Amino acid sequence: MLGWVLFSEKDLFLRFTMSAVGSVEKTPYALGGALTDFTAVSPQISEKLFLILRKKFVTDVSTRIDTPTMGAYVPFLRKALETNPYLFIYLKFYAECLILSCSDKEKLQSVLREFLSEEIADEFLPSMLLTNDADQTAEWLATVIGKDMEFRRSRTKSHIDDIVSPDSSLAKYTPAQRLYILKCESGSGLGGSFKMQISSEFDFDRNANLGTVKASLIDNPCTVMPEFEINSPDDLIALELLYTVKGELPIKKCRLCGEYFVPSGRSDSEYCSRISLGENKRCAQIGAMRTFKGKYAENPIYAEYNRAYKRNHSRLRNGKLYDEEFRDWSAAARKARDEFIAENKTVEQFRLRLTELEIE
Ligand SMILES: [Zn+2]
């Protein structure tokens, strides 16, 4: 089992055990945001993350006599956990497989069979190659687990396409109906069945006694939520899709990078808040600049204002206008420009206004 997932209205909480000692941890993510972020992870980024673990493992094996343990990977995994639950699940699984390749190689095949999607397992497991060379093993595992992640990532993206796109062949159905139809298709990964229990956000400590819980509930607003056991990444994908669609959260396609996102603030935002590969600004920042420039630069009123500005600025330089006159004029002209653009007035109307403002 990978862990449990709880759903409140706008968040999901992932609960899982982090290391062999069995500490239970709970982390909140924006509902829909976690899944769409996963579909936007570029293969280059995930390859890099797998490589970090692989290098660490090879170094650990070559410098240590005893078998590496999960504890060594916890700091790295915690960072992944802050970023995205799906990335975290994959990286944690990779780390577990690396350790298993030292401690219990026999078990590895069945563990992989249980986690991987059928398509990837059938393709790679028959030719599973585990030697005593740590780097070779780590490389093979990274390839297979990485392929599985890419497979599920792109399958989920096409599910979201089918659910939200107006061009989808399922366009005549509601998003929730579309999800149901997709679920019924074989190989969708959405057909899991789930063990569910009634839970609350205060309920993550399995050992807390009822008296303590009841006492803490009096002063705390508490959400009672369904909690599901998840046994594979598909379980989490299916459940997050269901709750996002049922909660009618907007799933939008970023106008810049083309990836899906669920707006965390204004629901009419058209750009995601991720930093695309090769960029150093967020899509939303680049988008805001483009909208501004686009809106203005394409408007003939803007060009007309620029011409008038240049003309009066040269009058100022030639001593034909006083500083104050120019300052007042440009403030008034700028105000008129923005108003006329906002009110969709014509360039002719703006020209008339400029004539009125002109200083003799
Ligand atoms: Zn974007």
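L14 stands opposite T27 in strand 3, where strands are DSSP runs of E with at least two residues, and helices DSSP runs of H or I with at least four, both numbered from the N terminus. The model is a predicted one, in which local features need pLDDT of at least 70 and side-chain atom pairs count only at pLDDT 80 or more, while totals for chains, interfaces and linings use all residues. Residues are numbered from 1 along each chain as its sequence is written.

Strand 3 runs antiparallel to strand 2 (residues 11-17), and seven bridges join the two; strands pair if DSSP finds at least two bridges between them.

The protein chain is divided into domain 1 (1-249) and domain 2 (299-357), with bounds that come from an automatic or database domain assignment. The C-alpha centres of domain 1 and domain 2 lie 58 Å apart.

Two helix pairs may now be considered. Two packed helices are described by the angle between their axes and the distance between the axes. Here axes are lines fitted to C-alpha atoms, for helices over the stretch in contact, and angles run from 0 to 180 degrees between N-to-C directions.

Helix 4 (residues 85-103) packs with helix 7 (residues 134-164) at an angle of about 150°, their axes being 10 Å apart. The two helices are therefore roughly antiparallel to each other, a term for angles over 145 degrees. Y90, F93, Y94, C97, L98 and S101 in helix 4 meet T137, A138, L141, A142, I145 and M149 in helix 7; contact requires that C-beta atoms, placed from the backbone, lie within 7 Å. By class, this contact of helix 4 with helix 7 has ten nonpolar, two polar and no charged residues. Ala, Val, Leu, Ile, Met, Phe, Trp, Tyr, Cys and Pro count as nonpolar, Asp, Glu, Lys and Arg as charged, and the others, Gly among them, as polar.

Helix 12 (residues 300-317) and helix 13 (residues 323-342) pack at an angle of about 175°, with axes 10 Å apart, which makes helix 12 roughly antiparallel to helix 13. Residues of helix 12 including Y305 and N312 meet residues of helix 13, among them W329 and R337. The contact of helix 12 with helix 13 divides into eleven nonpolar, two polar and one charged residue.

Notes. Angles under 35 degrees count as roughly parallel, over 145 as roughly antiparallel, 65 to 115 as roughly perpendicular and the rest as oblique. Two residues are in contact if their C-beta atoms, placed from the backbone, lie within 7 Å.
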